[in-house]
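Visitor: I have a protein model open on my screen and I would like to learn how to read it. Could you walk me through it, one feature at a time?

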Amino acid sequence: MTDKTLRERLARKPITVAPGVYDAFTAHVAEAVGFGCVYLTGAGIAYTRLGRPDIGLVGMSEVAETLALIRDRIKSHIIVDADTGYGNALNVMRTVRLFERAGASAIQLEDQDFPKRCGHLDGKVLIPADEMCGKIRAAVDARHSRYTLIIGRTDAVAVEGVDRALERAERYREAGADVLFVEAPKQRDDLARIAKALGSKTPLLANMVEGGKTPPLAASELEAIGFSLVIFPGGIARALGKMATDYYGSLAKNGTTEPFRDRMLDFDGLNALLGTPDMVALGQSYDPTQKG
């Protein structure tokens, strides 16, 4: 990782690509293949920890615990989905302090009201823009370091239209948001319009959801449009969901994992990925009985 802070990374090209992760294992694998920034997805935690959809069921402490375990495992920048901040402005302040201590590089807050839901589901409800601006100011005041970025997300496209979403995003920037995230635009032209209206002043985040409301664009195309950061938050859960269905189906049919072996790591392969030999060697270095 060449940039000490995420703020420095977003200030240069190429666009930052942040894959979604939901635990220390997926974060470790993402870092191992070369990603210097990951996105801790609240939806992914709901899918994998609760076995439930992304409809606001995950709490602050569950995210903080997951974040701390990930930070203990990787050095990469971590962007954390903090949903609505789990309450009012005072709750936001507590959330920011807790997530920052746990290792967040950036904390994302959205302007949905309860019951909140995935940004690519229908039926979302918004809080007033004034209230969201207060939450963002509270987040900025609560952070210990200015290098901890506050991401202001608006879900207004689906509720109030693109024009109002742009107005809200501009207000969130004025309130102190370091990065702006206009969720679920439906056309490529909408993405370009967002970038033209907002991108010259503040880094912009794009969200690519497989089968979601926004057209899937490659990182290079989003960079050309004017985005600084793109997340693929739920892709890993969807990939593993498909693979797990195939794996369990094969095991149920065959009574053995052998037909699936060419799609799996074996015992040694998994231990190599996890760094087991290095950890065993490290433990032995502290064991006086192992010294010659």
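Predicted model: local features only at pLDDT ≥ 70, side-chain atom pairs only at ≥ 80, totals over all residues.

Visitor: Let's begin with the strands. In what order do the eight strands close into a barrel?

Guide: In general, strands of a sheet pair through backbone hydrogen bonds, either parallel or antiparallel. Helices (H or I, at least four residues) and strands (E, at least two) are DSSP runs, numbered from the N terminus, and two strands pair if DSSP finds at least two bridges between them. Here the barrel order is β1-β2-β3-β4-β5-β6-β7-β8, with parallel pairing. On average, neighbouring strands of this sheet are turned by 25° against each other, direction ignored.

Visitor: How many bridges does β2 make with β1, and how many with β3?

Guide: Strand β1 (residues 16–21) pairs with β2 in the parallel sense over two bridges; Gly20 has Tyr39 of β2 as its bridge partner. On to β3 (residues 77–81): β2 pairs with this strand over four bridges, again in the parallel sense. There, Tyr39 has Ile79 as its partner, and Leu40 has Val80.

Visitor: Which residues of β2 lie on one side and which on the other?

Guide: In a regular strand the side chains alternate between the two faces of the sheet. In β2 (residues 37–40), Cys37 and Tyr39 are on one side, Val38 and Leu40 on the other, and all are buried. Buried means under 20% relative accessible area, exposed over 50%, and partly exposed in between (1.4 Å probe, protein chains only). Strand β7 (residues 204–207) is also covered on both faces: Leu204 and Ala206 are buried on one side, Leu205 and Asn207 on the other.

Visitor: How are the strands next to β7 linked to it?

Guide: Strand β6 (residues 179–182) and β7 are parallel, with two bridges, and Leu180 is partnered by Leu204. Three bridges join β7 to the parallel strand β8 (residues 229–232), where Leu205 stands opposite Leu229. From β7 the chain passes through helix α10 (residues 219–225) to β8 in a right-handed β-α-β crossover. A crossover is right-handed if, with the strands pointing away from the viewer, the path from the first strand over the helix to the second runs clockwise. Right-handed β-α-β units are also made by β6, α9 and β7, and by β1, helix α2 (residues 24–32) and β2.

Visitor: At what angle do the axes of α8 and α9 cross?

Guide: Axes are lines fitted to C-alpha atoms, for helices over the stretch in contact, and angles run from 0 to 180 degrees between N-to-C directions. The axes of α8 (residues 162–175) and α9 (residues 188–198) cross at roughly 30° and come within 11 Å. On the α8 side the contact (heavy atoms within 4.5 Å) is made by Val162, Asp163, Leu166, Ala169 and Glu170, and on the α9 side by Asp190, Arg193, Ile194, Ala197 and Leu198.

Visitor: Is Leu166 buried or exposed?

Guide: Leu166, in helix α8, counts as buried because its relative accessible area is 12%. Leaving aside neighbours within four places in sequence, Leu166 is in contact with Arg193, Ile194, Ala197 and Leu198. Leu166 and Ala197 are 31 residues apart in sequence, with 7.5 Å from C-alpha to C-alpha.

Visitor: What about the backbone? Which peptide bond is cis, with omega near 5°?

Guide: Most residues other than glycine have a negative phi, and most peptide bonds are trans. The bond from Lys13 to Pro14 is cis, and Pro14 is in the loop between α1 (6–10) and β1. As for phi, Asp83 has a positive value near 50° and sits in the loop between β3 and α5 (89–102). Ala184, in the loop between β6 and α9, has a positive phi near 60°. Asp83 is buried, at 6% relative accessible area, and Ala184 is buried at 2%.

Technical notes
Residues numbered from 1 in each chain as written. Heavy atoms only, no water.
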